[in-house]
Amino acid sequence: MKIQKVNFLQSAESLNDCPKSDLPEFAFIGRSNVGKSSLINCLTNKKGLARVSKTPGRTREMNFFSMNDQWALVDLPGYGFAKVSRKQQEKFNQFVSEYLINRPNLRGVFLLLDSRHPPQKIDLEFSGWLIENQLPFALVFTKTDKSKARVVEKNRDLFLQEMKAFSEGEPVTFLTSSNTGQGRAEIHAFVHRALEAGGA
Ligand code: GTP
Ligand code: MG
């Protein structure tokens with residue numbers, strides 16, 4: 001699926017602010033600095049679409065983009081950013097979890113993980129939370145250009161292994177690099193199949 005038309009729809013800081021639209025949505029979430037905004041720019045082939053940050057925790061709101069007028073991509077703020085105040089962190093947790101649990105448009109979540117690192121507790125916990133809430137998700141291991149392929153694959157396998165402690169099925173996984181474009185075609189194909197399956 002080639003993305004020919006991308007429009008920024010709006011930003012939102014609560015479920016009520018989300019676009020009044022019935023486009024099916026796919027949300028991108030992960031730790032601060034994991035590469036969400038970069039991946040979104042890579043998927044859409046638009047360098048300046050989502051703001052890429054030098055300092056983690058830059059994206060504080062949910063940003064909605066329509067893709068080919070067919071579906072919407074949602075850039076969610078990064079979790080686990082220690083420098084924001086506890087109050088801000090709570091607010092974030094509240095609006096993001098409210099969105100994820102209550103948004104009827106949501107068809108799938110891409111949980112981004114940094115492929116350079118072995119499984120991190122906060123990411124495992126978040127994947128557990130997605131399972132508890134029966135949210136369909138896929139794992140995306142980012143920044144693969146930064147390590148050797150065997151390190152990336154080892155970290156992916158370790159994550160899947162650790163997930164077995166609380167999950168029965170195995171999620172779909174992608175290996176991506178926003179620098180080389182690795183994984184882009186696979187994510188597009190996945191969204192396309194999900195849209196067809198959902199009758200969108
Ligand atoms: P927040 O909005 O702060 O939560 O961050 P984010 O997850 O949106 O990350 P962002 O895309 O802003 O990227 C963070 C840093 O990682 C930037 O310096 C990017 O240039 C770098 N980066 C992101 N993706 C890749 C990648 O695939 N390869 C390499 N080498 N660097 C990347
Ligand atoms: Mg961002």
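**Exercise 1.** In this predicted model, determine in which sense β1 and strand β3 pair, and over how many bridges.

Solution. Step 1: locate strand β3 at residues 62–67. Step 2: follow its bridges to β1; there are six, and the pairing is antiparallel. Step 3: take one residue as a check. Ser11 has Asn63 in β3 as its bridge partner.

**Exercise 2.** Give the strand order of the sheet, and explain why β1 and β7 each have one side without a neighbour.

Solution. Step 1: the seven strands run in the order β1-β3-β4-β2-β5-β6-β7, forming an open sheet with mixed pairing. Step 2: β1 (6–12) and β7 (173–175) are at the edges and have a single partner strand each, so one side of each lacks a neighbour in the sheet.

**Exercise 3.** Decide whether helix α1 is largely enclosed or largely open.

Solution. Step 1: count a residue as buried if its relative accessible area is under 20%. Step 2: the residues of α1 that pass are Lys36, Ser37, Leu39, Ile40, Asn41, Cys42, Leu43 and Thr44. Step 3: these are eight of the nine residues in α1 (36–44), so the helix is largely enclosed by the rest of the structure. Step 4: look past the end of α1, where Asn45 follows with a positive phi near 60°.

Notes:
Residues are numbered from 1 along each chain as its sequence is written. Chains are lettered from A and ligands numbered from 1 in the order in which they are written. This is a predicted model: local features need pLDDT of at least 70, side-chain atom pairs count only at pLDDT 80 or more; totals for chains, interfaces and linings use all residues. Side-chain values use heavy atoms; hydrogens and water are left out. Two strands pair if DSSP finds at least two bridges between them. Helices (H or I, at least four residues) and strands (E, at least two) are DSSP runs, numbered from the N terminus. Buried means under 20% relative accessible area, exposed over 50%, partly exposed in between (1.4 Å probe, protein chains only).
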